[in-house]
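Have the viewer open as you read.

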Protein chains: 2
Amino acid sequence: MLRRFNHAGDLMRRYRVRTATPREAPLTAGIRDVALWAGVSVGTVSNVLNRPEAVSPATRERVQTAIAALGFVRNESARHLRAGRSRTIGLVVLDIANPFFTDVARGVEDVAAAAGLAVMLCNSDDRADREAAHLDVLTEQRVQGVLITPTAELSPHVEALRSRGTPVVLLDRRATGPGQCAVAVDDALGGRLAADHLLERGHRRIAFIGSSGLPQVHERHDGVAAAVREGAGFEDALTVFSPAHLTVAGGREAAAQIIGLPAGRRPTAAVCANDLTALGVLQEMVRHGVRVPEDFAIVGYDDIDFAAAAAVPLTSVRKPRVELGRRAAELLLDEASDPDHQHSQPVFEPTLVVRESSMVRRPSRAVVSGGIG
Amino acid sequence: MLRRFNHAGDLMRRYRVRTATPREAPLTAGIRDVALWAGVSVGTVSNVLNRPEAVSPATRERVQTAIAALGFVRNESARHLRAGRSRTIGLVVLDIANPFFTDVARGVEDVAAAAGLAVMLCNSDDRADREAAHLDVLTEQRVQGVLITPTAELSPHVEALRSRGTPVVLLDRRATGPGQCAVAVDDALGGRLAADHLLERGHRRIAFIGSSGLPQVHERHDGVAAAVREGAGFEDALTVFSPAHLTVAGGREAAAQIIGLPAGRRPTAAVCANDLTALGVLQEMVRHGVRVPEDFAIVGYDDIDFAAAAAVPLTSVRKPRVELGRRAAELLLDEASDPDHQHSQPVFEPTLVVRESSMVRRPSRAVVSGGIG
DNA sequence: CGGCGTGGTTGAAACGTCTCAACACTCGGC
DNA sequence: GCCGAGTGTTGAGACGTTTCAACCACGCCG
């Protein structure tokens, strides 16, 4: 109870001595200094920080005063060196500039913050080398777990992480096996929703615009194709256009091709693999005097913010982005803390957000001519 | 030189024993295990990791084999508990969904990665409480420094960080005093560039669209006003519209007002405080059959990606975003490592990116009528 | 008055790494 | 055969925290 040390001047002096050798120490008070100032042991200070109810009110208050006076802030490194694991999770995304991922990140952060964890947000830029570098850093930091939209199916770095006991949850990807958690979106359903919507509006010649390299896009195409097959009832109702890239430029390219077709074979609507592509299609149509949606209806995919803000607001398939992030983070936290965690691989259902770009019902004339063509 | 310990089985057995008490240890090999396996001391292993040239090739190779065999990965927490500072910097941005910040982040990350540092990207969402929470975490992590676009002029949390010796660099903000680094953009010049461009094309009645709450927007307005005063030579050549928010909706609102004006007093062009606003103006004009740029020219600000992808590609004032991030990170690193660091407050110059939305030269008739009006 | 439980506090050990003074060995030169 | 100068290697601390067995003082019960 004897206070051997009780004002800041002493602390300063003590530090002057202690830091004689290193050129310029940042004068950071540690738990030890707090203990000295408050006249208690370090154990008690630690208790105040971690189990305040176990400390008598008087002592607690004295320690808290000391903490405030010295501007003490816990040292995470020390904390989690001791604990063996850090209070951080990693999130590795393909493209931080894509609004989709920023929303996912928001969901992740909500859950993490609620659990008192920090998130390290990393951008792989769809490059395997950057992804690997980020995973290395995360491993060194001993993160509690990693959420990742991987660049390739199976990265050895991901496997390495798993093999040392760090949970990894795949984001917006189907699991490659049962021994992992993964959150995904039912893209076949998304494609079907978009196609059904157009069929219902009377469209009978529909374009699908999207290169089929990515599994996700492939799934979307299959959904569209199945719906068209059932709904329109004949094969050539669906035409596929595959621009080089799923960008605005790619959309323009595809739209130019569509405009070039003879009127009798020209689709009256398009499902695009992506909103950027849809925006490109929209621009090119408007430029050539094709009215949207009167002459040509467009449905995008992803429902990015700019879809609603386009010259003609875009109908689009929305993935539950924030929810995707939340769920993934929850699975990760469960896997990290629950010893008998069950892997799960939820698949979210997308929804169709109808806006102006597909609002008009096709006059039945078109249906007939489509039916014959 | 005697190898007391040389195959993985021994390690496993040793761990079985060591981890009897904690329920399920992740079986992570430490520097000590590597030393044991390679038959050297821990000091030597550390040397292999940090000063490989100081170790004989034979030993080095043996240690490296051990590292590979055990899958050893350094523990950052321990590393930087010892070092006193971590190999991480913090980046706190206002809105991670804004493409501007993602580009800035890219610049920051380039520089940080080159210096072997990790970046903790935090999103304050323009909320002071979230900003404070993030800064607390960064403080606990003992980051080497923080780059921040602050929500308010002077946050006590920022000051606390500075007072404990952590460098803080302001991003896209003017410094509030000489004792700090800050990277900013000359927004008055940006406004002037936009206005001069329009004046040069023959416009004599110009609108500025932007609420004047933010200092940045205010600066832009002043630049526009000065240019118009000098170039057009009379006062009412500039009309200011202040929508509630700098969003697409805000732009529409302002455009509706403009369209409502009698033709004789209606501006023929607008400088918008922001690309989102400009996109809104564009949409509303197109919707009312006002041709852009023939009847009305538009210049945006920020040059976000969607500016180029708009229905009519948007002329915009571009800030050197990636460069902004790079420079800020460089200043931070210098402040963190150079003991006699000089604070600096560079101001970047924006450039005008001319696209279709302002491409047409105003017929001289308009100039005359404008001159009289 | 002795024994016992209880609420509060203590101090040392441990986490995994880096640093640094000290030591060992080798090789030339004398 | 001894010395000195390298060149490699070692092992003990230290970093700041948490944990935990041990301890202390106190009041209560019998």
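## Polar contacts to the phosphates

Let's start with the backbone of B:N75: one of its polar atoms sits 3.3 Å from a phosphate oxygen of DNA strand C. Bear in mind that this is a predicted model.

A:S41 also uses its backbone, with a polar atom 2.9 Å from a phosphate oxygen of DNA strand C.

## Who lines DNA strand C

Zooming out, DNA strand C has 21 residues around it, and the closest are A:S41, A:T44, A:T59, B:I31 and B:R82. Of the DNA strand C atoms that come within 4 Å of the protein, 72% belong to sugar and phosphate.

Sorted by class, this surface has ten polar, six nonpolar and five charged residues.

## The six-stranded sheet in chain A

Over in chain A there's an open sheet of six strands with mixed pairing, in the order β7-β6-β8-β9-β10-β12. β7 (238-241) and β12 (351-353) are the edge strands with a single partner each, so one side of each has no neighbour in the sheet. On average, neighbouring strands of this sheet are turned by 20° against each other, direction ignored.

Inside the sheet, β8 (residues 269-272) and β9 (residues 297-302) of chain A pair in the parallel sense over three bridges. In β9, A:I298 is the bridge partner of A:A270.

Key: Residues numbered from 1 in each chain as written. Chains lettered and ligands numbered in written order. Predicted model: local features only at pLDDT ≥ 70, side-chain atom pairs only at ≥ 80, totals over all residues. Heavy atoms only, no water. Pairing = 2+ DSSP bridges. Helix = DSSP H or I, 4+ residues; strand = E, 2+ residues; numbered from the N terminus. Axes fitted to C-alpha atoms, helices over the stretch in contact; angles between N-to-C directions. Near = heavy atom within 4 Å. Polar contact = N/O pair within 3.5 Å; in protein donor to acceptor, adjacent residues only side chain to side chain. Nonpolar A, V, L, I, M, F, W, Y, C, P; charged D, E, K, R; others polar.
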